[in-house]
Amino acid sequence: MVAPSESIPKPVKVAQVVHSLGAGGTERLVIDLCLALAPLAELQVLCLDEPGVWARQLTDRGIPVSAVGRTPGFDIGLARAIAREFRAWKPDVVHCHHYAPYVYGTLGSLMSVRAKVIYTEHGRLSDAPWSWKRKLANHLFGHLPGRFFAVSHDLRDYMVEGGIPAHRMEVVYNGIPPGDPPGAAERQDARARLGLPESAYVVGTVARLDPVKDLPSLLEAFCALRDSRPDASLVIVGDGEERAALEADAERRGIANAVHFTGQRDDARELLAAFDVYVNCSITEGVSVTILEAMAAVRPVVVTRVGGTPEVVEHDVTGWLVPARAPAKLGSALCHLAADGALASRLARAARAHVESQFATQTMLSRYLSIYGIAPPCPMVPTGSS
């Protein structure tokens, strides 16, 4: 029997602050993190913009998601709205993902509960250098209470260059639930969903259709592959501002009949089983969740040597690295893998093993539990699959 003075401690309250739970790599990671944390903490997700199409993946499981409706420009009223949310819910930990959620989450916390603030930066919007205004802001925020993390050592160095004190920047790699590797039945099902024949050689990517993803280079590289593999198809899963221009580019190159734009798909991870090779040709990355998912799906990956990607993919061991903005080299890599099935199979198997050992959600969860101050169960809770 527990005496009144020895009451059972209440679970730690953790608020996750994000732009939204729209479709994207960071959003997928936050959802997986919340689902893994659910047995260990009370959770709330606060979105600056709108809840997003994936919010129900949490609300259906009893994890509340709310939005405060950001307006363009700096909005001190948004910080006050977040402070009101925090006063009502009283989080112990405020975990902010990306820069704007950190700024507003920090201000909201300072105005209300003074929670432990955690900031994780997941990537860059471009490979442009820092502006002096952002460096000044980083210097000021870098001296406020809290802990600062990047998802790769490359991104950590970039944040330090931008004004965050080096001694305060740490690294926690992204993690995913590896799930079960897809087999022949999953491959057949995925191809049926995409309307692709079993005989096609399929190159695929999952990406926001944004300039940072440099998808015109993929279209050019795919043209080179089609010269040697006329049965090749390209699948681009995702949507965004560049879609119309990319569709026009495919038409201009004479490959429109072989390029499939699926738009946004909630089954994107399941569609990976349809691909013979996965491509990411971004000009900058933190640690791409979709690259990790493709590796977990036992797909050979061809990816650009940018950001944190070389910390995940070792050339000719767990994938194939090419320079950014180099469509000729990307095309050559695709042709090489298409012609060498043994190499593709070796890379795919090694990629799967690497994700299981180094980039599983459980590894990431263990680190964040320590950062939050939550004692892990013994043994660690399973994280399942997305």
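The model is predicted.

**Helix H7**

Helix H7 spans residues 184-194, and within it Arg187, Ala190, Arg191 and Leu194 are buried. These four residues lie on the same side of H7, because they cover an arc of only 95° around the axis. Exposed residues are found on the face turned away from that buried side, namely Ala185, Gln188 and Ala192.

The cover over the buried residues of H7 includes three strands, E8 (201-206), E9 (232-237) and E10 (259-263). Helix H10 (268-271) also belongs to this cover. Directly after H7 comes glycine 195, which has a positive phi, near 70°.

**Aromatic pairs**

With ring centres required to lie within 6.5 Å of each other, the count comes to 11 aromatic pairs. One of them joins tyrosine 102 and tyrosine 119, whose ring centres are 4.4 Å apart; their planes meet at 15°, so the pair is stacked. Because tyrosine 102 belongs to helix H4 (residues 99-110) and tyrosine 119 to strand E5 (residues 116-121), this pair ties together parts that are 17 residues apart in sequence. Both tyrosine 102 and tyrosine 119 are buried.

Tyrosine 368 and tyrosine 372 also form a stacked pair, because their planes stand at 20° and the ring centres are 6.0 Å apart. Both residues lie in helix H14 (residues 361-372), where a spacing of 4 residues places them about one turn of the helix apart. Tyrosine 368 has a relative accessible area of 2% and is therefore buried. Tyrosine 372, at 3% relative accessibility, likewise counts as buried.

Ring pairs also build a cluster, which consists of Tyr99, Tyr102, Tyr119, Phe141 and Phe148. Tyrosine 102 and tyrosine 119, described above as a stacked pair, are thus members of this cluster.

**Charges over rings**

| Charged residue | Ring residue | Distance from the ring centre |
|---|---|---|
| Lysine 13 | Tryptophan 89 | 5.3 Å |
| Arginine 134 | Tyrosine 99 | 4.1 Å |

Lysine 13, for its part, lies over the face of tryptophan 89.

Conventions
Residues are numbered from 1 along each chain as its sequence is written. This is a predicted model: local features need pLDDT of at least 70, side-chain atom pairs count only at pLDDT 80 or more; totals for chains, interfaces and linings use all residues. Side-chain values use heavy atoms; hydrogens and water are left out. Buried means under 20% relative accessible area, exposed over 50%, partly exposed in between (1.4 Å probe, protein chains only). Helices (H or I, at least four residues) and strands (E, at least two) are DSSP runs, numbered from the N terminus. The arc is that of the directions from the helix axis to the C-beta atoms. Contact means heavy atoms within 4.5 Å. Rings of Phe, Tyr and Trp (its six-membered ring) pair if their centres lie within 6.5 Å; planes under 30 degrees apart count as stacked, over 60 as edge-to-face and the rest as tilted. A charge sits over a ring if NZ of Lys or CZ of Arg is within 6 Å of the ring centre and within 35 degrees of the ring normal.
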